[in-house]
Amino acid sequence: MEQSIGEIARRVRQSELTASASIEAALAAAEENVALNAFITLDREGALARARSLDALADRGEASGVLAGVPLVVKDNIDVAGLRTTAGTPAIDYVPTASAPVVARLEAAQAIVIGKTNMHELAFGVTSNNGAFGAVRNAADPSRIPGGSSGGTATAVAAGIAPGGLGSDTAGSVRLPAALCGVVGFRPTTWRVDQAGVVPSVPSFDVVGPIARCVADAAILYNVMTGDPLPERRDPSRLRLGVARPYGEDLSPGVAAALKQALEKLRTAGAILLDIDLSQIAKDSFEIGFPVGFYEMKRALPDFLARHQPKTSLHEVVEKIASPDVKAVYLNAVLGDGAPSETAYRDAISRIEGVRRSYLKLLDAHGLDGVVFPTAPLEAQPIEGSNETVELNGQALPTLQAYMRNVASTGVYGAPGLSLPLKTGAQALPVGLEVDGRPDGDRELLSIGLTLEGALSG
């Protein structure tokens with residue numbers, strides 16, 4: 001499935017390609033790559049039936065959708081009508097009668113969802129090594145993690161099964177797998193996307209975002225999801241970008257080399273790059289993120305279950321969690337003695353606006369259009385042995401801490417973030433460059449992304 005989203009839809013609308021052929025190709029690619037374990041549910045019969053219905057509309061000249069005949073994949077914590085939602089955990093298993101509004105918009109544009117993708121259990125983790133449904137494998141090297149928690153969507157896109165799909169991002173869960181799989185991942189401004197029909201993690205930080213092979217395709221999906229206008233490429237010589245410390249420090253040799261090359265390309269293209277320090281903002285964000293996260297995790301999921309699976313309690317969900325890392329978090333930090341108090345939560349939540357103001361003040365002080373840094377400080381690590389720790393420059397680090405280091409703050413102050421794949425050597429693993437923008441500046445950030453993508457492609 002090497003054609004772009006726009007090209008597939010154009011060809012279907014102009015009767016150069018049937019929707020059935022488009023979907024059959026995607027399903028064949030899914031079957032060829034079954035060992036990657038990207039899916040929890042692959043909807044072969046349903047997808048083909050929807051494709052035949054679209055072909056009938058095309059015969060009458062009514063296939064006019066922006067996404068006509070485009071095969072998409074959806075992370076399994078986002079409702080798709082008629083397909084089970086599990087959030088990657090054994091105790092959640094219901095079949096919604098209606099798609100989440102964000103999916104319904106894509107379907108109304110005549111996209112066809114071919115399946116629900118595997119993920120880190122309950123969307124809390126960065127490896128997508130799921131104890132219930134098995135580990136998702138990285139298309140670049142199946143022995144390695146794809147990142148998480150939206151690992152199945154990123155893997156399906158990277159493997160060429162579908163040109164795009166949806167993930168969810170609380171503290172990096174779209175951007176990290178995009179970086180580790182070598183595709184584009186876009187986290188919108190937190191409040192810009194309807195979160196109804198999405199199994200919650202931390203409502204203050206959660207947002208659904210697109211994963212695709214290029215910025216233009218991610219922008220098309222975001223345009224349909226929200227109605228925001230499509231972005232336009234900018235003149236790179238008119239961009240001022242902050243190169244963020246400390247995120248560019250203590251990197252693996254491969255990430256450091258890719259970052260150096262990328263920054264040189266951006267300077268050659270005319271972009272103005274300034275060193276800036278996000279250390280205090282990062283520190284404050286981590287102090288806020290964990291108490292807000294663990295407090296809301298205890299309350300948001302029961303409220304969601306009451307509406308969608310009312311006979312299941314949070315304690316039943318936790319009892320059946322199959323991934324040891326996720327179970328430990330829920331038992332200790334969400335339900336146990338380590339759970340934050342309401343006072344700690346209220347204090348943390350009250351600090352969010354101050355951190356957001358600090359971030360905007362830093363951008364304004366330097367006249368910046370955005371901030372750039374490596375999405376992750378190290379490449380995808382082997383599945384075996386990475387559940388608890390990974391090694392970075394000879395030091396063993398907690399896996400979650402290592403991969404979240406650069407990306408978690410963005411979710412705290414609600415800004416949009418875009419991970420772009422960087423060129424590396426022929427045998428090298430994928431690496432990502434993130435650019436963050438201003439809250440509510442989603443279209444502007446996608447415009448910057450188009451510009452950087454062009455500058456980096458040379």
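**Packing and pairing**

Mentor: Start with Leu-452. Leaving out residues up to four places away in sequence, Leu-452 touches Leu-239, Leu-241, Leu-266, Val-372, Leu-420 and Val-435. Keep in mind that this is a predicted model.

Trainee: How many residues are in the largest nonpolar core, and which have the most contacts inside it?

Mentor: The largest nonpolar core has 62 residues. Leu-67 and Leu-452 have the most contacts inside it.

Trainee: Which helix gives the most to this core?

Mentor: Helix 7, residues 215–226. It contributes eight residues.

Trainee: What about a second core?

Mentor: There is a separate one of 45 residues. Among its members are Leu-122, Phe-124, Val-199 and Val-317.

Trainee: New topic. Strand 3: mostly covered or mostly open?

Mentor: Mostly covered. Strand 3 spans residues 112–117, and six of its six residues are buried.

Trainee: How do strand 1 and strand 3 pair?

Mentor: Antiparallel, over three bridges. Strand 1 is residues 39–42. Leu-42 has Gly-115 of strand 3 as its bridge partner.

Trainee: And which way do strand 2 and strand 3 run?

Mentor: Parallel, joined by five bridges. Strand 2 covers residues 71–75. Here Val-73 stands opposite Gly-115.

Trainee: What unit do strand 2, helix 4 and strand 3 make?

Mentor: A right-handed β-α-β unit. Helix 4 is residues 101–108.

Notes:
Residues numbered from 1 in each chain as written. Predicted model: local features only at pLDDT ≥ 70, side-chain atom pairs only at ≥ 80, totals over all residues. Heavy atoms only, no water. Buried < 20%, exposed > 50% of the residue type's maximum accessible area, 1.4 Å probe, protein only. Helix = DSSP H or I, 4+ residues; strand = E, 2+ residues; numbered from the N terminus. Pairing = 2+ DSSP bridges. Right-handed = clockwise from strand over helix to strand, strands pointing away. Core = buried A, V, L, I, M, F, W, Y, C linked by side-chain atoms within 4.5 Å. Contact = heavy atoms within 4.5 Å.
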